[in-house]
Amino acid sequence: MLRRAAPTAAAICRRAASTSASPSSSAAATAAASSSAVNSILLRSLKEHYLEVSKMAPPPKTSPPKPFTIVKGSLDQASGPVLCREYGDSGEEISISVARLANILPPDADADADSDSDAAGGDGGMTASISQLLLHVDISKPGAGKSLQFLCGLYPDAVGIHSVCLRSKDAESWEGNMASKGGEEYRGRIFQELDEKVRDALHHYIEARGINEKLFPFLQAWLYVKDHRNLIRWFKSVGTFISEPKP
């Protein structure tokens with residue numbers, strides 16, 4: 001009767017090595033499958049929201065009050081002026097940039113503005129935050145090295161000045177300036193610390209140049225369209241990044 005030969009040491013080692021490698025390979029495969037499943041869920045969610053946002057109806061088309069004109073390409077720029085016009089015999093150049101007030105100033109910052117406007121409202125899909133706008137008004141004269149700049153809160157029924165300063169035309173952008181403190185250029189006193197007559201005169205100054213609540217309907221709609229475009233681009237960009245194959 002034949003006896004089965006005992007396994008050699010080499011065979012035992014090979015079998016042990018084969019058994020120990022299996023859990024590692026299985027873990028790697030499980031991790032890859034899990035990552036792929038997460039990516040699929042995220043891509044599906046991005047696509048669903050992209051399609052939902054794409055179906056949102058735009059606000060009614062509106063035009064800025066004359067004589068303001070829309071700055072060409074402003075919808076496709078990250079920042080910069082939206083409207084511009086000339087004023088007076090001296091050829092003043094006035095440009096207006098706009099942002100959501102809630103994105104720039106702290107929640108209670110607009111309490112000092114001369115406005116009793118209700119923050120609620122908006123048309124269609126416009127949120128309450130687009131019912132409070134921040135304007136940057138730049139008023140310059142041909143050949144002058146500086147410009148008079150106002151930061152204003154704009155509401156459906158009022159406009160209120162937050163600050164006013166005289167700045168060099170080549171100074172940093174107003175968005176960056178809002179986040180900075182100090183600086184070499186003197187920016188004047190805090191607006192609410194100025195004499196009431198001076199504050200009233202400055203309000204009359206900008207209102208004479210067309211900076212008033214009549215700008216609100218157009219700028220609200222413009223900002224809504226810009227936000228909508230940016231969101232569509234964001235969904236596309238994130239989806240492309242997730243789905244791109246490993247180089």
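This is a predicted model: local features need pLDDT of at least 70, side-chain atom pairs count only at pLDDT 80 or more; totals for chains, interfaces and linings use all residues.
Me: OK, the fold. How many helices and strands are there?
Reply: Five helices and six strands. Along the sequence they run α-β-β-β-α-β-β-β-α-α-α.

Me: In what order do the strands sit in the sheet?
Reply: S1-S2-S3-S4-S5-S6, in an open sheet with antiparallel pairing. S1 and S6 (158–168) are the edge strands, and each pairs on one side only.

Me: Over how many bridges do S3 and S4 pair?
Reply: Eight, in the antiparallel sense. S3 covers residues 92–100 and S4 covers 133–140. Arg100 stands opposite Leu133 in S4.

Me: Which strands does H4 touch?
Reply: Helix H4 (196–208) packs on the sheet and touches S2, S3, S4, S5 and S6. Its direction makes about 90° with that of S6.

Me: What about H5, which strands does that helix touch?
Reply: S1, S2, S3, S4 and S5. The direction of H5 makes about 55° with that of S3.

Me: How far does H5 reach?
Reply: 41 Å from its first C-alpha to its last, close to the 40 Å expected. H5 has 28 residues, 216–243.

Me: Which of them are buried?
Reply: Among them are Phe216, Phe218, Leu219, Trp222 and Phe235.

Me: New topic. Is the Lys66 to Pro67 peptide bond cis or trans?
Reply: Cis, with omega near 10°. Pro67 is in the loop between helix H1 (9–54) and strand S1 (69–70).

Terms used
Residues are numbered from 1 along each chain as its sequence is written. Side-chain values use heavy atoms; hydrogens and water are left out. Helices (H or I, at least four residues) and strands (E, at least two) are DSSP runs, numbered from the N terminus. The expected span of a helix is 1.5 Å times one less than its number of residues. Buried means under 20% relative accessible area, exposed over 50%, partly exposed in between (1.4 Å probe, protein chains only). Two strands pair if DSSP finds at least two bridges between them. Contact means heavy atoms within 4.5 Å. Axes are lines fitted to C-alpha atoms, for helices over the stretch in contact, and angles run from 0 to 180 degrees between N-to-C directions.
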